[in-house]
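Subject: Structure handover

Hello,

The structure is below, with the sequence. My notes on the sheet follow it.

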Amino acid sequence: VKEILVNKDDVRPEEGRSLLGSYAIHLAVCEYIEPDDLYHQVLDEIPKLSLESSKRQASRYLESQIVSIDSDNEGDAVSNRSSLTLSLLDPISKVAIGTPVRGSRCKHMQCFDLKIWLQSNKHISGGRWRCGVCEDFISVKDLVRCGLFEAMLHDYRDKVSGVRDKVSFKPDGSWCLKEENKLRYSSKNRSSMGGNGSSGGKLGEGHATTGINDSSRIRSAQQSEVIDLL
């Protein structure tokens, strides 16, 4: 190495031309900060949306998700039956959110937990510094705190669990905790198992017939996939 050129704002053009055909090394000196310490440093620096601002933003988001068909009045697109469903569980850890944040440029209202998000970025990986909901790249400077989520967590934090975490936000700005989450296909599973003793025979026969039909379809599908290359 003959010389080391340090990048400066006052470099003259003739000095800049000397870099053509050369190699450069970029050196960054970084300081590691524990996630918990970083949490306390950035908490007060993250801008917070007030409750009213968050409610207006949620109402606009709800209106954008609703399509009105054959409506006489243009203002009838949002009815009292429409609602926005939000989860009070952090999408990363699946526990109740402590400090609700989201990216300022994210196109969703769902929030994630700030401390858990910082802890998840502790280890180097390709998924670092992504939104916990939409997985877009975000930095700490892009985060905003949501007053609506903080109000909902204040009301229902003690009632949130893995089977009951959904909150329904209505167009009038009110919200309520929904009933326990329904398990998908639970009714189908119960009926396929035979139900009670009185109807177990019929259900068992119907299930067996279905199994035969399924086997026939599988065999025919396997036969149709055979291609003669000769």
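Arginine 102 stands opposite valine 144 of strand 5, and glycine 103 has leucine 143 in strand 5 as its bridge partner. This is a predicted model, in which local features need pLDDT of at least 70, side-chain atom pairs count only at pLDDT 80 or more, and totals for chains, interfaces and linings use all residues. Residues are numbered from 1 along each chain as its sequence is written, and side-chain values use heavy atoms, with hydrogens and water left out.

Strand 3 (residues 100–103) and strand 5 (residues 143–146) run antiparallel and are joined by three bridges. Strands here are DSSP E runs of at least two residues, helices are H or I runs of at least four, and both are numbered from the N terminus. Two strands pair if DSSP finds at least two bridges between them.

Strand 3 also pairs with strand 4, antiparallel, over two bridges; there proline 100 stands opposite aspartate 113.

The whole sheet is open, with four strands in the order 1-5-3-4 and mixed pairing. Its edge strands, strand 1 (48–49) and strand 4 (112–113), each pair on one side only.

Both faces of strand 3 are covered. Pro100 and Arg102 on one side, and Val101 and Gly103 on the other, are all buried (under 20% relative accessible area, 1.4 Å probe, protein chains only; exposed is over 50%, partly exposed in between).

Regards
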